[in-house]
Amino acid sequence: MNTNLYKKVHRLAIELLKSADEENEASFKASYALLKQLCEENADDDHKNHPVQWETLADFTDDLEEALVIYQQALDCAIRREAIDYQASISFAMAQLLNETERFDAAFDKAQSAKALCEQVNDSELLREVLALNKQLSNAHKKRNA
């Protein structure tokens, strides 16, 4: 990944977290707008377009439906780059949001995908979280289909 891009995204993420902690809505919106602009500027550049920027933008998007759309952009970018680690984390984030919005079947499918992807990377913490969500969704899936 481009170091400059990572530094920009990381700096904006820190600013967003700080603004949220301080409940500074104006600062949050300004930092969010800068991150969104960065994503849009890099969208058509195969070298600069990276799933980390999209995933970060989605992480800080309040509107859950919009966040899902942005996560899908992140996932598409990760697939194009064959970045399995990002595919796993983005699929997990999408599964969580789908679960939160009570789209349980889609959440279950996305969690299964995240599990399969996690098994290809060495991220035991993410795998643990994915397995916990999978178990929760699997139990709920069985109850709904019983």
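## Acidic surface patch

Asp85, Asp123, Glu125 and Glu129 form a patch of negative charge on the surface. A patch joins like charges within 9 Å, using residues with over 30% relative accessible area and no salt bridge. A salt bridge would be a Lys or Arg side-chain nitrogen within 4 Å of an Asp or Glu carboxyl oxygen. Glu129 lies in helix α7, residues 124-144. At 35% relative accessible area, Glu129 is partly exposed (buried is under 20%, exposed over 50%, partly exposed in between; 1.4 Å probe, protein chains only).

This is a predicted model: local features need pLDDT of at least 70, side-chain atom pairs count only at pLDDT 80 or more, and totals for chains, interfaces and linings use all residues. Residues are numbered from 1 along each chain as its sequence is written, and side-chain values use heavy atoms, leaving out hydrogens and water.

## Nonpolar core

The largest nonpolar core holds 43 residues (buried Ala, Val, Leu, Ile, Met, Phe, Trp, Tyr and Cys, joined through side-chain atoms within 4.5 Å). Tyr32, Leu35, Trp54, Leu57, Tyr71 and Ile90 have the most contacts inside it. Helices α1 (3-21), α2 (25-42), α3 (51-59), α4 (64-80), α5 (84-100), α6 (104-118) and α7 each supply at least two residues of this core. Helix α5 gives the largest share, 9 residues. Helices are DSSP runs (H or I, at least four residues), numbered from the N terminus.

## Positive phi in two loops

Most residues other than glycine have a negative phi. Glu82 has a positive phi of about 55°. Glu82 sits in the loop between α4 and α5 and is exposed, at 68% relative accessible area.

Glu102 also has a positive phi, near 60°. Glu102 belongs to the loop between α5 and α6. Its relative accessibility of 60% counts as exposed.

Technical notes
Patches are made of residues with over 30% relative accessible area and no salt bridge: like charges are joined within 9 Å, nonpolar side chains (Val, Leu, Ile, Met, Phe, Trp, Tyr) within 5 Å. Accessible areas come from the Shrake-Rupley method with a 1.4 Å probe; for residues, only the protein chains shown count as cover. Lys and Arg count as positive and Asp and Glu as negative; His and the chain ends are not counted. The place of a charge is taken as NZ of Lys, CZ of Arg, CG of Asp or CD of Glu.
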